[in-house]
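Student: Please give me a close look at one part of this structure. Then set that part in its surroundings.

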Amino acid sequence: MRACDVAVPAGLYNNVLIELQRRGDSESESRWKSAFEQNLPQVDATPCHPIQQEEDEDDIIIEIAEETEQEQAHARASTTATAIAAANAASSPSTAEIISNEVLKAVVSGNCREAIRIFEDRIICRGLIPTPEVMRDVIALAGKQGDIQTALTMYNNSIYAFKDIADVQAKDEAIYMATNSLLIGYAQKGDMDKAKVYYDRIKAMGHYPDSNGYASLLLGSAKCATDEATDALAIYDEAKRHNVKPTTFFYNVIISKLAKARKLDSALCLFDEMRLFKIPANSITYGAIISASVRSGSESQSRRLFGEMLSSPSYQPRVGPFNNMMQFYVRQHPNRERVLEYFSELRRRHIKPSPHSYKLLMEAYTHIAPYDMPMAHKLLSDMTRCDRLRPQATHYATLIYSYGILQRDVQSAERVFIEMKKSNIHPDEAVYQAMIDTLISNDALEKAEAVYYQEMQKDTQLQKSGSPYIENLFIRGYGEKSQLEKAEKIFAAMSDDKTQHHVCVIREPSTFEAMIRAYLLNDQLDKAKMVLDKMVKRDFPPKVIGVVADLVLE
């Protein structure tokens, strides 16, 4: 068409553009835009700004994957709204199409109540059939905005209207698209019971979720799964078995799960498979594969992938991969010069550091000898002065850990704890953990109990994660002091049910190990074996159980 100087209709241009974005084919999207966008009529469209999420810095890659899909969903909805306007300007859509587009515009602008009113008054009451592709995006966008009730209402209304589609195959496809979108909404919300309901409905229709549906199921199931890598590969195998066409987002989630489990070989296989299938890797993909390499401890591989990412045509500046490399040289292969090298490159590329970037930079000065505590303290003011970032409790936890654990300077650790509170920064679990670890490790168990029972347990502002690391410290401390009754009391108060993480502390492999070590330290082998038996009944990976079992069998 371009060679013959034939103008592409706006409706065709936008339909192709939307499909390329749905597939995550950024290279083809860019070529399509450059070829035809300049000849399209200019139209106004409702702007849509993606919601920015805070990264969970303890598990950066997974959060980036979720954030990216949400950004893509908002961007897709914004582009869809632009496409609607352009198509309407160039052709004469049906009444149902026009009203469907108005429903989408209302959701894009965040006015879900108005979207429902338009749908019910102008589509349902008139006996019209909404455009299935538009309703798919309406349900998906409402779910990703966190308004699952609106998504459900739109779904029910759509299914009611689709019953009047005469063509059986078209009706089946319309219902499938709507159901898949609702499944994604529930899965990303973490409501796996409801997600399973719509997964079963899709299977009852003789279909399977699309790749984004499978990826969303995996993200949601992570909140109640123990072995996420096994789940990831199981979902990957099922999707592949049913010829589900994978997307960039799908691969990003799977690779990120493998990264978390340090399964570098499997992650690299999927990364190569993306290239084989010509599925474009984006910055998130590189972040995930770099994370897998970093977690596995492969320095040469990590540096090679990082360089490949920077030279990739699809590269978009993101702080996550820089943080991964800095973390590698702080915690796995301590090398302060390398950390500073990546932070300098971050600055050179005008990428704004995150609070986690500063935490890692502080660790380079506080965790790698010779320690440079004045420089670490200076970073607390630098992050505000240079990047308008307010110091967080986690930055003070870094200082406390260095003073109290690495340097055995309890007085300086306590001084930082007091300084943090004077700065109106409320302690979080990381701070309490660093402070309690400092006291227990320096033979001040009673002072640690005071911090735990008189401060932490009475702290109404503290958001508890359900992780057992502080309790593990006390089990260790009581074991060293031969106070096994206290250790047993803490162990017994915890739970093995991960779904109860919001109401109680959950035992992890490290908890069982701490209790076993406490018994062995006090020559109580039989009780240590009883704890091991309890651990075996949990669904921990065999390698993890094996490491702890070796303690008992030695």
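Is the crossing in which α16 passes α17 left-handed or right-handed?

Tutor: The crossing of α16 past α17 is left-handed. That word is used if the near helix is turned anticlockwise from the far one by less than a right angle; clockwise makes the crossing right-handed.

A few ground rules come next. This is a predicted model, so local features need pLDDT of at least 70 and side-chain atom pairs count only at pLDDT 80 or more, while totals for chains, interfaces and linings use all residues. Residues are numbered from 1 along each chain as its sequence is written, and side-chain values use heavy atoms, with hydrogens and water left out.

Now the two helices. α16 covers residues 319-332 and α17 covers residues 336-348. A helix here is a DSSP run of H or I with at least four residues; a strand is a run of E with at least two; both are numbered from the N terminus. Two packed helices are described by the angle between their axes and the distance between the axes. For α16 and α17 the angle is about 165°, and the axes are 8 Å apart. Axes are lines fitted to C-alpha atoms, for helices over the stretch in contact, and angles run from 0 to 180 degrees between N-to-C directions. The angle makes α16 roughly antiparallel to α17. The cut-offs are simple: under 35 degrees is roughly parallel, over 145 roughly antiparallel, 65 to 115 roughly perpendicular, and the rest oblique.

Which residues meet? From α16 come Val319, Phe322, Met325, Met326, Tyr329 and Val330. From α17 come Arg338, Val339, Tyr342, Phe343, Glu345 and Leu346. Contact means heavy atoms within 4.5 Å. By class, this contact of α16 with α17 has ten nonpolar, no polar and two charged residues. Nonpolar covers Ala, Val, Leu, Ile, Met, Phe, Trp, Tyr, Cys and Pro; charged covers Asp, Glu, Lys and Arg; the others, Gly among them, are polar.

Look at the rings here. Phe306, Phe322, Phe328, Tyr329 and Tyr342 form one aromatic cluster. The structure holds 16 aromatic pairs. Rings of Phe, Tyr and Trp (its six-membered ring) pair if their centres lie within 6.5 Å; planes under 30 degrees apart are stacked, over 60 edge-to-face, and the rest tilted.

Another pair of rings is worth a look. Tyr155 and Tyr198 are edge-to-face, with 5.5 Å from centre to centre and 85° between the planes. Tyr155 sits in helix α7 (residues 148-162) and Tyr198 in helix α9 (residues 192-204), 43 residues apart. Tyr198 is buried at 7% relative accessibility, and Tyr155 is buried at 4%. Buried means under 20% relative accessible area, exposed means over 50%, and partly exposed is in between (1.4 Å probe, protein chains only). Tyr198 also pairs with Tyr186: the ring centres are 5.7 Å apart and the planes are at 5°, so this pair is stacked. Tyr186 lies in helix α8, so the pair ties together parts twelve residues apart in sequence. Tyr186 is buried too, with 5% relative accessible area.

α8 (residues 168-189) packs on α10 (residues 211-221) at about 20°, with axes 8 Å apart. These two are therefore roughly parallel to each other. α8 passes α10 in a left-handed crossing. Asn180, Leu183, Ile184, Ala187 and Gln188 in α8 meet Asn212, Gly213, Ser216, Leu217 and Gly220 in α10. That contact of α8 with α10 has four nonpolar, six polar and no charged residues.

Ile255 is in helix α12 (residues 248-260). Its relative accessible area is 0%, so Ile255 is buried. Not counting residues up to four places away in sequence, Ile255 touches Ala267, Leu270, Phe271, Met274, Thr285, Ala288 and Ile289. Lys263 is in the loop between α12 and α13 (264-276). At 35% relative accessibility, Lys263 counts as partly exposed.

Last, the whole chain. The chain has 28 helices and zero strands. Of its 554 residues, 52% count as buried.
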